Amino acid sequence: MRNIFLGSLAMVLFASAAQACETAALGDLAIGDAWSRATIGATRPAVFYVAITNAGAQDDALTGITTPAAAMAMLHETVVKDGVASMPHAMRVQVPAGQTTELAPGGYHGMLMQLASALNEGDSFPVTLTFEKAGEVTVNVDVLSLRSEGPTCDDAS
Amino acid sequence: MVLWGAVVLAAAGSVFLYQRQPARQIETVEAFQPEFALTDADGNIRQSEEFRGRYQLVFFGFTNCPDVCPTTLSEVAQVMDDLGPDAAKVQPVFISIDPERDRQMGLDEFTAAFHPSIIGLAGDDVATRAAADSFKIFFEREEDPAAPDGYSMSHSPALYLIGPHGDWLRQYTYGTPASEILADLKSRL
């Protein structure tokens with residue numbers, strides 16, 4: 001039993017990071033490094049991280065996300081204040097001109113609730129991002145290991 | 001930004017402690033021994049005394065938490081892997097602050113998904129509050145209609161190091177890289 005478990009753990013650890021790492025463009029915005037963590041079953045919420053580069057001269061803001069992978073998807077921010085972490089709902093995430101804004105561990109993130117099914121490492125699923133000014137764009141999100149701490153894109157492109 | 005906030009808070013906290021406590025009492029602070037008696041996934045009560053002789057890495061959280069808890073447990077898992085043979089001297093413990101829901105959802109499958117060495121504990125409300133008080137940590141249920149089941153939990157996200165005699169040794173603030181935790185542990189083992 002234990003050996004079977006350790007075997008599967010080793011497979012998880014040594015599975016090659018086959019992240020597609022697509023970049024989507026929407027006007028002056030480039031959306032890339034979209035990733036999520038594998039879930040244990042479908043009852044716990046999943047997470048969504050992404051990097052948005054605004055090469056334009058005008059500020060924008062991410063105001064919402066939707067995905068067929070989850071019935072309810074919201075933007076949240078992890079806030080650590082006075083030594084206590086909480087996770088308030090973020091109505092909008094500023095995407096200032098000339099900057100890259102990240103949804104990343106410990107900060108802004110998408111919370112995907114009521115999953116259609118468990119997310120398994122190696123899967124990918126689409127997420128549609130809505131911006132205040134630029135409109136909507138859909139990116140493919142790569143599901144990485146539960147233990148991943150960041151995207152694993154090769155910056156070879 | 002968050003990290004710097006934590007650094008400033010930690011610095012402010014230690015200054016406060018230093019100013020408030022004369023030297024004699026600082027020794028008292030160093031000697032405090034957090035205690036818990038909480039149920040594991042098999043229904044057995046696990047007590048702090050059981051882990052004497054080993055270091056403990058203790059983290060409070062809840063399994064429905066998508067960002068903070070997986071990040072910290074991933075770091076703990078990395079530390080346990082990197083300790084190699086010394087891993088036997090360290091016991092990671094995950095204490096649920098949302099015990100009823102976590103028991104229903106499965107505590108063991110959650111901790112095992114990160115690392116097989118992590119023990120998950122979920123006691124009743126009274127025992128959970130007593131454990132948190134003993135570690136001097138905060139947690140609170142926050143009603144949130146948009147959250148799963150209509151609530152979320154706010155909590156102290158640090159990782160606590162308990163020594164082989166049960167003494168509270170230090171906390172690693174949220175976001176401390178696994179490599180720093182590993183280096184600190186190795187200097188003690």
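Contact is taken here to mean heavy atoms within 4.5 Å. On this criterion, 36 residues of chain B touch 33 residues of chain A in the predicted model.

The size of an interface is often given as the accessible area lost when the parts come together. For chain B and chain A, this buried area is about 2,700 Å², with 62% of the area contributed by carbon and sulfur atoms. Polar interactions were also found across the interface of chain B and chain A: 11 residue pairs are in polar contact, both residues having pLDDT 80 or more. On the side of chain B that touches chain A, two or more residues each come from helix H1 (2–20), helix H3 (68–83), helix H5 (107–114) and strand E7 (151–155) of chain B. Of the elements of chain B, H3(B) gives the most to this side, namely eight residues. Sorted by class, the side of chain B facing chain A comprises 19 nonpolar, 11 polar and six charged residues.

Two salt bridges were identified between chain B and chain A. In a salt bridge between A:Arg147 and B:Asp81, the side chains meet at an N to O distance of 3.0 Å.

Chain A contains one helix and 12 strands. From the N terminus of chain A, the order of elements is α-β-β-β-β-β-β-β-β-β-β-β-β. Among the contacts in chain A with a separation of 6 or more, 67% are between residues 24 or more positions apart. Chain A has 157 residues, of which 45% count as buried.

Methods
Residues numbered from 1 in each chain as written. Chains lettered and ligands numbered in written order. Predicted model: local features only at pLDDT ≥ 70, side-chain atom pairs only at ≥ 80, totals over all residues. Heavy atoms only, no water. Buried area = accessible area lost by both parts, 1.4 Å probe. Salt bridge = Lys/Arg side-chain N within 4 Å of Asp/Glu carboxyl O. Polar contact = N/O pair within 3.5 Å; in protein donor to acceptor, adjacent residues only side chain to side chain. Helix = DSSP H or I, 4+ residues; strand = E, 2+ residues; numbered from the N terminus. Nonpolar A, V, L, I, M, F, W, Y, C, P; charged D, E, K, R; others polar. Buried < 20%, exposed > 50% of the residue type's maximum accessible area, 1.4 Å probe, protein only.
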